Amino acid sequence: MVLCDSIGRANPNQVYQLFSKTLDLGTKGKVTAHFHDTYGFSKANSFAALQAGITSFDTAIGGLGGCPFAPGAAGNDSTEDFVFMLNEMGIETGIDFDRLMDCVNLVKEMTERRLTGHLQQVRGGNMEQRV
């Protein structure tokens, strides 16, 4: 089951409450979180879901994506930003960060869309500079 905030309007308190209640129901199967960054809350919402006990997250390289039903909604939570945050918190993801950044560079070359991940903005678009 994937619980989504497709328009990026939820706040961390709402996310924590929803995911806590969902897990308290004894839901069978994996529960996955999916957030958009319209109001800049995707990382905080992901952290709130993590605190509630969620371990599966749906993200997109460079924050690509959107919602056809919500004009103006931002793209998905950026995979590289999310993995970077988890790494900084000492949470093991099993993801090779350098290879992930190679994928980001490849996607950047292959798309005409502007990638919205924060690591690119911080690094001035120079993704060769590693963390």
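A: H1 and H2 cross in a right-handed way (the near helix is turned clockwise from the far one by less than a right angle; anticlockwise is left-handed). Helices here are DSSP runs of H or I with at least four residues, numbered from the N terminus. This is a predicted model, where local features need pLDDT of at least 70 and side-chain atom pairs need 80 or more, while totals for chains, interfaces and linings use all residues. Residues count from 1 along each chain as its sequence is written, and side-chain values use heavy atoms, leaving out hydrogens and water.

Stay with this pair. H1 covers residues 12–24, and H2 covers residues 42–52. Their axes (lines fitted to C-alpha atoms over the stretch in contact) lie 8 Å apart, at an angle of about 30°. That is why H1 counts as roughly parallel to H2 (under 35 degrees; over 145 is roughly antiparallel, 65 to 115 roughly perpendicular, the rest oblique). On the H1 side, the contact (heavy atoms within 4.5 Å) uses Pro12, Val15, Tyr16, Phe19, Ser20 and Leu23. H2 answers with Ala44, Asn45, Ala48, Ala49, Gln51 and Ala52.

Next, follow H2 across to H3. These two helices pack at about 50°, and 11 Å separates their axes. H2 is therefore oblique to H3. The crossing of H2 with H3 is right-handed. From H2 come Lys43, Ser46, Phe47 and Leu50. From H3 come Asp81, Phe82, Met85 and Leu86. This contact of H2 with H3 holds 5 nonpolar, 1 polar and 2 charged residues.

Now go from H3 to H4. H3 spans residues 79–88, and H4 spans residues 97–110. The angle between H3 and H4 is about 160°, with 10 Å between their axes. So H3 runs roughly antiparallel to H4. H3 and H4 make a left-handed crossing. Thr79, Glu80, Val83, Phe84 and Asn87 are the H3 residues that touch H4. Their partners in H4 are Phe97, Leu100, Met101 and Val104. The contact of H3 with H4 counts 6 nonpolar, 2 polar and 1 charged residues.

H3 in turn meets H4, with Phe84 among the residues involved.

Note on methods: Axes fitted to C-alpha atoms, helices over the stretch in contact; angles between N-to-C directions. Nonpolar A, V, L, I, M, F, W, Y, C, P; charged D, E, K, R; others polar.
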